[in-house]
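Visitor: I would like a close look at a single part of this model, please. Could you walk me through it?

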Amino acid sequence: KYFEKNKNYVVVCNHSSFMDIPITTPFMPRPNKTIGKSTFAYIPLVGVFYSNGSILINRKSAKSRSDSYKKMKRVLAMGFDMVIYPEGTRNRTSEPLKPFYDGAFKLATETGKAVIPTLLFNTKKVLPANKPFYLYPCKMAMHFLPPVESTNITAKELKEKVFKTMWDYYE
């Protein structure tokens, strides 16, 4: 409903489970790439799909971070949506969201792309962080919120606006 034809977006999602990427990437309404940890590429079977659908990043490497940022800009230039989890890592707190990092919002303001805030529900119930190899059957949901324009606003202001929008919707 919010994805306009001939326009692409930076889509930001909350991140609370390893289920988030397998749910978001294939079920977005349009072609997209996501950002993800390079170590996941080594997981048997899953790693092949993960590597092809993601821009891989080694967060400990400044070069990897810089290269991945350039790749994200290329993804947007090709007309794909870029899916980013601005909390950085899984939210293991009892709060709806962890503070956001700047990257997604810097990307949006530098490219002029609007941000679509997206909330995932129940992925933490399906695959909790503290229980490896545990899948609990549960209905998951992905809610898209109205786009937030990135023009005439700083990356910091955009980040704060999107965070508040997502927090308020979650509550």
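Visitor: Where is Asn6 found?

Guide: Asn6 is found in the segment before β1 (10-13), where strands are DSSP runs of E of at least two residues and helices are runs of H or I of at least four, both numbered from the N terminus. A word on the basis: this is a predicted model, in which local features need pLDDT of at least 70, side-chain atom pairs count only at pLDDT 80 or more, and totals for chains, interfaces and linings use all residues. Residues are numbered from 1 along each chain as its sequence is written, and side-chain values use heavy atoms, with hydrogens and water left out.

Back to Asn6: its phi is near 65 degrees, a positive value in a residue other than glycine. Most residues other than glycine have a negative phi. Asn6 counts as exposed because its relative accessibility is 78%; exposed means over 50% relative accessible area, buried under 20% and partly exposed in between, with a 1.4 Å probe and protein chains only.

Let us turn to aromatic pairs. Rings of Phe, Tyr and Trp (its six-membered ring) pair if their centres lie within 6.5 Å; planes under 30 degrees apart count as stacked, over 60 as edge-to-face and the rest as tilted. The whole structure holds 6 such pairs. One of them joins Phe3 and Tyr9 edge-to-face, with 5.6 Å centre to centre and 80 degrees between the planes. Phe3 and Tyr9 are both buried, whereas Asn6 is exposed.
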